[in-house]
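Dear colleague,

I am handing over the structure below, and after it I set out what was found. Please read the notes with the structure open beside them.

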Amino acid sequence: MIKKINLFALIALATLLFACSSDEDKKNPLTITNDIDQMVGWVQHPTIIKGDAHSGKYMIKVDSILPYGLGLYLIAEDFPTKIAKSINASIWGKLTKLNDSISLVIDLSSKGQSITYNSSNFNNYIKKTGEWEKVDVSINIPKNLPLDATLKIYIWDPQKTNTTAFGDDFEITFIE
Ligand SMILES: [Ca+2]
């Protein structure tokens, strides 16, 4: 009986170790992800809402009242690599009404001056209301980026339209 239990314990341990190592292998140290659910209890932000999310229960909501969604705010000193040449960001988005205002934005600036900026309109990716689609945007990082440069990635509705947009599952990759 004791031997049997030990055998089961060993198998369980081996399974656990394998699961851990394969998860570690899959994890890209140059990728930052955020499923919004992980923020709950740590960050209070009016654009975090509970509902029919892409993952889990929580997502970001942007509308005419709150046109700036919760996003990533990271200084160059804290980038996961100092030799990144470009950054790609994606988010799963959903719209209650199709429109050409709501965008996923990447903004790199220093001391209030824009260094580089790019945005992708949700309407280039989302062709049907109420359905989740992946939205992508990229920027090239200039050489000699100052360490105080700030990277911001967020959803924005510049025209404050009467559409509600949802975003979930950010994935930001620094490409060397
Ligand atoms: Ca989520």
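The protein chain holds one helix and 10 strands, where helices (H or I, at least four residues) and strands (E, at least two) are DSSP runs numbered from the N terminus. Along the sequence these elements follow the pattern α-β-β-β-β-β-β-β-β-β-β.

This is a predicted model, in which local features need pLDDT of at least 70 and side-chain atom pairs count only at pLDDT 80 or more, while totals for chains, interfaces and linings use all residues. Residues are numbered from 1 along each chain as its sequence is written.

On confidence, the mean pLDDT (the predictor's confidence in each residue, from 0 to 100) of the protein chain is 88, and 85% of its residues reach 70 or more. Confidence is highest in β8, at 98, and lowest in helix α1 (residues 2-26), at a mean of 47. Over residues 7-22 the pLDDT is below 50, and this stretch has zero contacts in the model beyond near neighbours in sequence, a contact being two residues whose C-beta atoms, placed from the backbone, lie within 7 Å. Where pLDDT is low, the predicted coordinates should not be read in detail.

Of the 176 residues of the protein chain, 25% count as buried, that is, with 20 or more other C-beta atoms within 10 Å of their own, whereas 12 or fewer makes a residue exposed and anything in between partly exposed. Leaving aside residues up to four places away in sequence, Ala 89 touches Leu 104, Ile 106, Val 137, Ile 153, Phe 170 and Ile 172.

Two loop residues other than glycine have a positive phi. Ile 36, with phi of about 65°, sits in the loop between β1 (31-34) and β2 (48-50), and counts as buried because 27 C-beta neighbours lie inside 10 Å. Asn 144, with phi near 60°, sits in the loop between β8 (133-140) and β9 (150-156), and counts as exposed because it has 5 such neighbours inside 10 Å.

With best wishes
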